[in-house]
Number of protein chains: 2
Amino acid sequence: MSAAVPPVAEGSPPGAVVEEMAREAAVWCALHGLVVGDRANPRSATVPGVGLVHAPFSLLPAHLPESFWRQACELAPIFNELVDRVSLDGNFLQDSLSKTRQVDDFTSRLLEIHRKMMAINKEENIRLGLHRSDYMLDSETSSLLQIELNTISTSFPGLGSLVSELHRTLINHYGNFLSLDPNRVPANAASSQFAEALARAWSEFNIDSAVVMMIVQPEERNMYDQYWLTKHLKESHGVTTIRKTLSQVEAEGQILPDGTLLVDGKKVAVVYYRAGYTPNDYPSEAV
Amino acid sequence: MSAAVPPVAEGSPPGAVVEEMAREAAVWCALHGLVVGDRANPRSATVPGVGLVHAPFSLLPAHLPESFWRQACELAPIFNELVDRVSLDGNFLQDSLSKTRQVDDFTSRLLEIHRKMMAINKEENIRLGLHRSDYMLDSETSSLLQIELNTISTSFPGLGSLVSELHRTLINHYGNFLSLDPNRVPANAASSQFAEALARAWSEFNIDSAVVMMIVQPEERNMYDQYWLTKHLKESHGVTTIRKTLSQVEAEGQILPDGTLLVDGKKVAVVYYRAGYTPNDYPSEAV
């Protein structure tokens, strides 16, 4: 087990109970799909169902005053709106990244594609952003500080929702040692909500046989986080997801005269990026 | 993946679809706790949450005419009654196993304990049997033949229930290739029903703080099958399970004057054997 076991401090449960909690938590992960591919197993990043290990987790949630939690929730739609507007303002993007462009070849080439699309007036009137904003509580200023705002390949909507459930379960079972209230663990519906957002975007395409295409890396130890969304998409919304690397899209994809992307003979309604944010994901030049 | 992929025969789905089904099935196992410890990982039999791999499974259920299914269901309570009556008939047991006793030291010593208990008129007026009767369809006689009847450490109530769910899910998703009806996969509630039976036995003891003690082997790659029952016992019945090897019971257990077994300071309401059926489980003499 590699679960992070907090040090036993005054007021904490006795060491034996902490050990028991860690054991129960690891079991819970195995039973509930809170798993990743084990880096010790070379097949775990490519073959599903093998080389699984519980995802890293904290045994208990971090303490966060409710006011900060509410603040973060209130900020979320505002940041989402900001990212959306920035994404639509091509000139602003080109200008603000002009210095990065000079020193970073990857960004430079992405901006070059972007510039070409601007030149032909390429526009998508429907778009979907799935973001994750990370905060930490700053003890000096006692304020919530944003660490980063993920706008592509935002990970852990699937596993994160499970961690909240795990914490509630542990607090339920060990409540008498912990003096914590399981109902104070905020609900985390990211898993079903990400799927719902993807399904909404899919339905805009308005073709029942169309699919969501998840762009993935050829090796992905965090595939189960992604598969949770695939499952919700299928079971709650009847939407099929296909998984492709950018290389596979280049090899197998086809653009119809009306602009529709066809992969594996299926019309692609939504392209969902869980890759594409590093140069490694672009092993060849487009033809 | 080590999933048993059936050969592609006429009327079967195309090979690519079978591959896709096997992949989806392996993912399903990882997300839903249909897992075992991987023998390639030495820690997987002792440390929960590590070295997990999907349990072996067939991609589709075996075909069984409904009449045979009903026959097996009707036979179950009759066989259960038979086993219960045999277990109560000490003389019959001693007589019928007398020849085995002569050639098998393990059985001989179990019978010796049994004989001593008979001599002091030791009786338990409450007992619980959790059995599994295995059948195969005999093609020559076209009849259902019993392979074995498990009366101790019956395994796979936990994972078996999941396999039925997996089959229904696959048939749902690939129905157009399979010409199979997911509703014809019989419900398998063994997991929750085993837990319910254990909870019923526990409630007869009538002490809220008492526990179910699962007797386990020190190394158990099939621990998640067992943990599913632990989970149902806790979440559906509020009953705590402790896991002990026979060695641990000898070292840590204590029998109170009134006959109550105390382990870890907890009164044991039910002893549930998932070990004890091989000489290896008895590493030392009782003191």
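## Exercises on a predicted two-chain model

Beyond its neighbours within four places in sequence, B:Arg243 contacts B:Met214, B:Val216, B:Met223, B:Gln226, B:Tyr227 and B:Gln248. Contact means heavy atoms within 4.5 Å.

This is a predicted model: local features need pLDDT of at least 70, side-chain atom pairs count only at pLDDT 80 or more, and totals for chains, interfaces and linings use all residues. Residues are numbered from 1 along each chain as its sequence is written, chains are lettered from A and ligands numbered from 1 in the order in which they are written, and side-chain values use heavy atoms, with hydrogens and water left out.

### Exercise 1

**Task.** Locate B:Arg243 and list its side-chain polar contacts with B:Gln226 and B:Tyr227.

**Solution.** 
- Step 1. Find the element. B:Arg243 belongs to strand S6 of chain B. Helices (H or I, at least four residues) and strands (E, at least two) are DSSP runs, numbered from the N terminus.
- Step 2. Apply it. The side chains of B:Arg243 and B:Gln226 make a polar contact at 3.0 Å. With the side chain of B:Tyr227, the value is 3.3 Å.
- Step 3. Take a C-alpha to C-alpha distance. B:Leu88 lies 27 Å from B:Arg243 in space and 155 residues away in sequence.

### Exercise 2

**Task.** Which strands stand at the edges of the five-strand sheet of chain B, and why is one side of each left without a neighbour?

**Solution.** 
- Step 1. Write the order. The sheet is open, with mixed pairing, and reads S6-S5-S9-S8-S7 in chain B. Two strands pair if DSSP finds at least two bridges between them.
- Step 2. Read off the ends. S6 (241-244) and S7 (254-255) of chain B each have a single partner strand, so one side of each lacks a neighbour in the sheet.
- Step 3. Check one pairing. Strand S5 (residues 211-215) of chain B runs parallel to S6(B), joined by four bridges. B:Met213 has B:Ile242 as its bridge partner in S6(B).
- Step 4. H8 (residues 190-205) of chain B lies across S5 and S9 (266-273) of chain B, at about 145° to S9(B). Axes are lines fitted to C-alpha atoms, for helices over the stretch in contact, and angles run from 0 to 180 degrees between N-to-C directions.

### Exercise 3

**Task.** Describe the interface of chain B with chain A.

**Solution.** 
- Step 1. Count residues. 27 residues of chain B contact 27 residues of chain A.
- Step 2. Get the area. About 2,500 Å² is buried between the chains, and carbon and sulfur atoms give 60% of it. Buried area is the accessible area (1.4 Å probe) that two parts lose on being put together, summed over both.
- Step 3. Count polar links. Nine residue pairs are in polar contact across the interface, both residues at pLDDT 80 or more. Salt bridges between the chains number zero. A salt bridge is a side-chain nitrogen of Lys or Arg within 4 Å of a carboxyl oxygen of Asp or Glu.
- Step 4. Name the elements. On the chain B side, H1 (15-32), S2 (52-54), H6 (157-173) and H9 each give two or more residues.
- Step 5. Classify. That side divides into 14 nonpolar, eight polar and five charged residues. Ala, Val, Leu, Ile, Met, Phe, Trp, Tyr, Cys and Pro count as nonpolar, Asp, Glu, Lys and Arg as charged, and the others, Gly among them, as polar.

### Exercise 4

**Task.** In chain A, which residues take a positive phi in the hairpins of S3(A) with S4(A) and S8(A) with S9(A)?

**Solution.** 
- Step 1. Take S3 (residues 132-138) and S4 (residues 143-150) of chain A. They pair antiparallel over seven bridges. A:Leu137 stands opposite A:Leu144.
- Step 2. Inspect the turn. Four residues lie between these strands, and A:Ser142 has a positive phi near 50°.
- Step 3. Take S8 (residues 261-263) of chain A. S8(A) and S9(A) pair antiparallel over two bridges. A:Val263 stands opposite A:Lys266.
- Step 4. Inspect that turn. Two residues lie between the strands, and A:Asp264 has a positive phi near 55°.

Definitions and conventions. A polar contact is a pair of N or O atoms within 3.5 Å; within protein, one must be able to donate a hydrogen and the other to accept it, and residues adjacent in sequence count only if both atoms are side-chain atoms.
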